[in-house]
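Please keep the sequence and the model at hand while reading.

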Amino acid sequence: MDGNDHANAGLPVVVDRDSWQAQLDKLLIREKAHTRAGDAIAAARRRLPMVEVDPTTTLIGPHGPVTLLEVFEGRRQLIVYFHMWHPGQPAANQCEGCTFFNGQVRELSYLHSRNVTYATFCEGPYEESVRYRDFMGWDVPWYSAQDSADALLNGRGFGTLICYLRHGDRVFETYWNTGRSAEVMAPSYGLLDMTVYGRQETWEDSPAGWPQHWENNGGQFRTDGRPTAQWSRLAAGRSDDLGISHHHR
């Protein structure tokens with residue numbers, strides 16, 4: 001959006017503070033109902049059955065092969081985001097959606113305090129894909145699931161979030177989701193939803209004249225062709241060289 005777009009964007013009606021607060025109070029009733037509905041869904045989620053998975057399924061980490069059981073790092077639970085990868089492609093061409101969602105999970109100490117480990121399982125080879133993690137400045141545990149995807153995903157695709165529970169040396173899958181359910185990983189969306197113009201995406205129900213520049217097709221996560229978060233890394237002088245030969249570029 002350029003300066004003229006900002007100047008011409010629609011504006012809410014201006015009212016006095018008491019009238020404004022009255023409208024907020026009405027909305028708060030709906031917001032509280034939404035929160036309680038979410039609590040009820042989470043309670044139902046905690047009562048789901050689970051399915052056993054092979055704890056010896058092998059992934060590749062910084063020190064070579066490790067088992068799914070070892071990825072727990074001794075904790076009771078494990079949350080895994082399955083990150084898509086485009087083999088042989090430069091950083092600019094990697095998955096903008098996975099970059100958006102996975103890149104916003106940063107402070108892990110609160111998860112660890114609840115006996116939960118978070119890790120990323122990437123679709124690509126470890127040595128190639130971990131350079132992307134390093135370029136992005138992420139420090140989450142990173143593993144390659146290139147050779148174990150069939151066993152772990154059972155026909156599901158990458159871009160999936162899966163929760164596991166460890167009971168001794170046995171591992172169980174307790175929950176999974178994909179698509180918009182992954183928005184729980186992205187506080188940026190929650191914050192944008194609180195603003196007057198929202199996400200500024202074309203699918204949103206907004207008043208006429210509100211800026212809506214992005215379709216829900218991946219472009220909403222890119223700026224000038226790159227996944228948006230990459231630009232700040234480049235501005236800081238960080239190299240996006242993934243060690244891929246230039247004929248792929």
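**Surface patch, cores and selected residues**

Val-13, Val-15, Trp-20, Leu-24 and Leu-27 make a nonpolar surface patch of about 470 Å². The model is predicted. Away from the surface, the largest nonpolar core has 20 residues, and a second, separate core has 18 residues.

**Patch residue Leu-24**

- Leu-24, one of the patch residues, has its place in helix α2, which covers residues 17-45.
- Leu-24 counts as partly exposed because its relative accessibility is 34%, between the cut-offs of 20% for buried and 50% for exposed.

**Nonpolar cores**

- In soluble globular proteins, nonpolar side chains tend to be buried together.
- Within the largest nonpolar core, the residues with the most contacts are Leu-59, Leu-68, Phe-82, Phe-121 and Tyr-164.
- Two or more residues of this core come from each of α3 (68-71), β4 (77-83), β5, α7 and β7 (160-167).
- The second core is separate, and its residues include Phe-100, Val-140, Ala-182 and Tyr-189.
- Not counting residues up to four places away in sequence, Leu-68 touches Val-53, Asp-54, Pro-55, Thr-57, Leu-59, Leu-78, Phe-121, Leu-152, Tyr-164 and Val-171.

**Thr-120**

- Strand β5, residues 116-122, contains Thr-120.
- The relative accessible area of Thr-120 is 0%, so this residue is buried.
- When neighbours within four places in sequence are left aside, Thr-120 is in contact with Tyr-81, His-83, Asn-102, Val-140, Pro-141, Trp-142 and Tyr-143.
- One of these contacts, Val-140, is also included in the second core.

**Ser-148**

- Ser-148 sits in the loop that lies between β6 (142-144) and α7 (149-153).
- With a relative accessible area of 4%, Ser-148 is buried.
- Neighbours within four places in sequence aside, the contacts of Ser-148 are Thr-57, Thr-58 and Leu-59.
- Thr-57 and Leu-59 are likewise among the residues that Leu-68 touches.

**Glu-96**

- Glu-96 lies in helix α4, residues 96-102.
- Glu-96 is classed as buried because its relative accessible area is 18%, and the cut-off for buried is under 20%.
- Leaving out neighbours within four places in sequence, Glu-96 is in contact with Gly-218, Phe-221, Arg-222 and Pro-227.
- Glu-96 and Lys-26 are 70 residues apart along the chain, and their C-alpha atoms are separated by 37 Å.

Conventions:
Residues numbered from 1 in each chain as written. Predicted model: local features only at pLDDT ≥ 70, side-chain atom pairs only at ≥ 80, totals over all residues. Heavy atoms only, no water. Helix = DSSP H or I, 4+ residues; strand = E, 2+ residues; numbered from the N terminus. Buried < 20%, exposed > 50% of the residue type's maximum accessible area, 1.4 Å probe, protein only. Contact = heavy atoms within 4.5 Å. Patch = residues over 30% accessible without salt bridge, like charges linked within 9 Å, V, L, I, M, F, W, Y side chains within 5 Å. Areas by Shrake-Rupley, 256 points an atom, 1.4 Å probe, with all protein chains shown as cover. Salt bridge = Lys/Arg side-chain N within 4 Å of Asp/Glu carboxyl O. Core = buried A, V, L, I, M, F, W, Y, C linked by side-chain atoms within 4.5 Å.
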